[in-house]
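Please read the following with the model open. The text takes the ligand site and then the packing of helices.

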Amino acid sequence: MRNKLIVGNWKMNLSVAESTDLAARVEKGVAKHLGSVDVVLCPAFIAVASVAKAIKKLPVGVQNVYFTDHGAFTGEVSAAQAGEVASYAIVGHSERRHLFGETNELVARKAAACLRNGLTPIICVGETQHEREDGETKQVINDQLATGLTMLTAEDMAKTVIAYEPVWAIGGGDHASPEQVAKALTVIRGVVREMFGEETVGSSRLLYGGSVDADSAGAYMGLEEVDGLLVGGASLNDHEFNAIVKKASDGKK
Ligand code: PGA
């Protein structure tokens, strides 16, 4: 049985001192759930090493990586470098795609770089409001995965996490309904099955993300299709985040 996975994406928030403080409070608060739930914290790059040093029981993730291991790429941090301190990397978050122009091809190269360097990629996919209204949700997810997963082997895919994050639901907007989430995750599992086979599809974990808080977490975690949650805003508050982890632990089937 797959452990549930709850990931906190702190985005470009918190000082280094605030990050290590929050991480320590989360570590303490979620300790009793770690047998059934994996909890990953993704601070801003500047705080990743300090957070990794400050906590013992939780793995640390990064929010982005570059795909070349070393070289003249001013301002970038490679998967090889991130892999020295982190265990997970968010790849293709919608803010990267929409604010920084990341394409599906770039996502593919970044995911491959993560796996090459011992990082578990958390690949984000999801449609915009406009795409949903136009009935393109399934097609958008299909395209994002067909290209985004193209450089992975079945063995890679079994370790890879995919997060369904509809763009319209991120950042305190509307929640996706549990039905919408179940439907999208079924599409994702179908693509993974088609690309990598039945055995692989049972191993990779699928998350939902988008305005998840302690109140809404239980309904998502109760879904058969959901292996965990990618949490933005609510992960900046330890009480709220720890309550989400508890819901994941309670909801374990
Ligand atoms: P949110 O962010 O929980 O603040 O909507 C989720 C994410 O962007 O990963």
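Which polar backbone atom is 2.7 Å from an oxygen atom of the ligand? The atom belongs to Ser211: a polar backbone atom of this residue is 2.7 Å from a ligand oxygen. The model is a predicted one, and the distances and angles below are computed from it.

Ser211 is one of 13 residues that surround the ligand. The closest are Ser211 together with Lys11, His93, Gly171 and Gly233. Gly233 also uses its backbone, with an N or O atom 2.8 Å from an oxygen atom of the ligand.

Most residues other than glycine have a negative phi. The loop between E1 and H1 also holds Leu14, where phi is near 80°, again positive in a residue other than glycine.

H1 packs with helix H12 (residues 238–250) at an angle of about 35°, the two axes being 10 Å apart. The crossing of these two helices, H1 and H12, is right-handed. On the H1 side the contact involves Leu22, Arg25, Val26, Gly29 and Val30, and these meet Asp238, Phe241, Asn242 and Val245 of H12. Sorted by class, the H1 and H12 contact contains 5 nonpolar, 2 polar and 2 charged residues.

H12 has a further partner in helix H11 (residues 214–221), and the axes of H11 and H12 come within 9 Å and cross at roughly 20°. Because of that angle, H11 counts as roughly parallel to H12. H11 passes H12 in a right-handed crossing. H11 contributes Ala214, Asp215, Ala217, Gly218 and Met221 to the contact, while H12 contributes Glu240, Ala243, Ile244, Lys247 and Ala248. The classes in this contact of H11 with H12 are 6 nonpolar, 1 polar and 3 charged residues.

Another helix pair is formed by H5 (residues 104–116) and H7 (residues 137–148). How do their axes cross, and within what distance do they come? The axes of H5 and H7 come within 8 Å and cross at roughly 45°. H5 and H7 are therefore oblique to each other. Their crossing is right-handed. From H5, the residues in contact are Asn104, Glu105, Val107, Ala108 and Ala111; from H7, they are Asp143, Gln144, Thr147 and Gly148. Divided by class, the contact of H5 with H7 has 3 nonpolar, 4 polar and 2 charged residues.

Key. Residues are numbered from 1 along each chain as its sequence is written. This is a predicted model: local features need pLDDT of at least 70, side-chain atom pairs count only at pLDDT 80 or more; totals for chains, interfaces and linings use all residues. Side-chain values use heavy atoms; hydrogens and water are left out. Axes are lines fitted to C-alpha atoms, for helices over the stretch in contact, and angles run from 0 to 180 degrees between N-to-C directions. Helices (H or I, at least four residues) and strands (E, at least two) are DSSP runs, numbered from the N terminus. Angles under 35 degrees count as roughly parallel, over 145 as roughly antiparallel, 65 to 115 as roughly perpendicular and the rest as oblique. A crossing is left-handed if the near helix is turned anticlockwise from the far one by less than a right angle, and right-handed if clockwise. Contact means heavy atoms within 4.5 Å. Ala, Val, Leu, Ile, Met, Phe, Trp, Tyr, Cys and Pro count as nonpolar, Asp, Glu, Lys and Arg as charged, and the others, Gly among them, as polar. A residue is near a molecule or strand if one of its heavy atoms lies within 4 Å of it. A polar contact is a pair of N or O atoms within 3.5 Å; within protein, one must be able to donate a hydrogen and the other to accept it, and residues adjacent in sequence count only if both atoms are side-chain atoms.
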